[in-house]
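My entries follow in the order in which I looked.

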Amino acid sequence: MKTRICGTGSALPKRVVKNEDLSKIMDTSDEWIKSRTGIAARHLAVEETLVQLAAEASRQALKEAGIAAKELDMILAGTISADNILPSLACELQRELGAAKAVAFDINAACSGFLFALQTADVYIKSGQYRNILVVGGEILSKLMDWNDRSTCVLFGDGAGAAVVCPDETCGILSGVQGSDGARGSVLSCVGRRNNNPYVTNSTALSFVSMDGQEVYKFAVRTVPKAIAEALEKAGLTVEDIDLFVLHQANIRIIESVSKRLKVPMEKFPTNLSWCGNISAGSVPILLDDVNRRGLLKKGDKVVLAGFGAGLTWGASVMTW
Ligand code: COA
């Protein structure tokens with residue numbers, strides 16, 4: 001028994017913010033951002049909430065899968081920017097969709113969030129415990145950015161993607177690898193709410209995402225090719241067998257480096273970062289939906305998904321579409 005993605009969906013906020021728009025409000029330029037990252041624009045939430053974006057993406061995925069929300073056994077949401085601390089995004093999504101019988105919870109693995117949620121769904125399905133699982137990855141990262149820190153805020157965007165997974169005899173997930181390195185977590189962090197109980201003296205200043213860009217870059221280019229190679233070996237496949245590599249969209253230079261290290265042409269690495277930026281847990285499912293809707297995935301194709309990010313965390317999955 002395998003876990004097959006049988007429907008995908010995605011939703012981006014309406015407001016498009018180009019690099020030129022940012023250069024009007026901070027000391028940056030289209031040339032700097034594009035040449036270092038490949039990002040030209042991103043969508044930022046102005047009116048939308050994350051649960052609205054996630055619900056829109058989920059409805060598309062359910063429709064393609066031919067499954068009603070009330071048939072869902074589980075909802076897993078990869079996110080670090082749920083609208084509320086309580087309830088979770090997954091529980092809010094359950095309410096929005098009317099998925100009454102689903103068990104719902106969030107997974108915090110930053111940019112690996114969708115991969116970790118997908119691999120968790122795979123274990124539940126293989127164990128026979130659940131059949132129909134909605135896996136979501138989405139963020140409104142713009143609320144976690146310091147808009148005075150040009151080295152981070154220009155990189156990220158908002159949006160949500162979804163996939164419905166079900167058991168299948170022939171197609172589906174062949175292998176997966178996951179990893180974490182908490183010892184190096186400080187290179188990409190966002191401090192949470194400070195304790196303010198009556199017995200502590202504390203500042204209540206809000207904290208935003210802070211990043212050592214060059215360390216994160218080195219981590220990504222070393223770890224991602226290794227994770228993909230391990231996942232391929234577990235699946236008994238080689239890079240030549242793979243039709244598409246759907247990678248986390250952080251930086252075009254990272255994707256080019258992975259393509260070079262794996263000796264796979266860039267044509268096999270679709271991208272959306274030029275108009276989406278880095279949407280953390282949303283990147284992989286939004287890109288997967290884009291390639292699915294454009295008809296770039298045929299039944300039987302071999303696909304690799306890979307993500308990496310804060311934690312540090314990373315994951316890769318190999319599947320037959
Ligand atoms: N516009 C203009 N200048 C900027 C800028 C911006 N938006 N952000 C930073 N700079 C300046 C810095 O102040 C610094 O100036 P200085 O040299 O005078 O101090 C300089 O640009 C840094 O440039 P450089 O060292 O060439 O940057 P870089 O090549 O390391 O690129 C990143 C920076 C962030 C694009 C790159 O390190 C990166 O992509 N890292 C990975 C980040 C990532 O993917 N994170 C998410 C992982 S999930």
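At what angle do helix 3 (residues 50-65) and helix 4 pack, and how far apart are their axes? I find an angle of about 60 degrees, with the axes 10 Å apart. Before going on I note that this is a predicted model, in which local features need pLDDT of at least 70 and side-chain atom pairs count only at pLDDT 80 or more, while totals for chains, interfaces and linings use all residues. Residues are numbered from 1 along each chain as its sequence is written, and side-chain values use heavy atoms, with hydrogens and water left out.

Helices (H or I, at least four residues) and strands (E, at least two) are DSSP runs, numbered from the N terminus. Axes are lines fitted to C-alpha atoms, for helices over the stretch in contact, and angles run from 0 to 180 degrees between N-to-C directions.

**Helix 3 and helix 4.** I record this pair as oblique to each other because of its angle; angles under 35 degrees count as roughly parallel, over 145 as roughly antiparallel, 65 to 115 as roughly perpendicular and the rest as oblique. Helix 3 passes helix 4 in a right-handed crossing, meaning that the near helix is turned clockwise from the far one by less than a right angle. In the contact (heavy atoms within 4.5 Å), helix 3 contributes L50, V51, A54, A55, S58, R59 and L62, and helix 4 contributes L89, E92, L93, E96 and L97. These residues divide into eight nonpolar, one polar and three charged.

**Helix 7 and helix 8.** Residues making the contact include Y217, V221 and I228 of helix 7 and I254, V258 and L262 of helix 8.

**Backbone.** Most residues other than glycine have a negative phi, and most peptide bonds are trans. I found a cis peptide bond joining L86 and P87, with omega about -10 degrees, and P87 lies in the loop between strand 4 (74-78) and helix 4 (89-97). Another cis peptide bond joins G311 and L312, with omega about -5 degrees; L312 sits in the loop between strand 12 (302-309) and strand 13 (313-320). Phi of K263 is positive, near 60 degrees, and K263 has its place in the loop between helix 8 and helix 9 (273-276).

Note on methods: Nonpolar A, V, L, I, M, F, W, Y, C, P; charged D, E, K, R; others polar.
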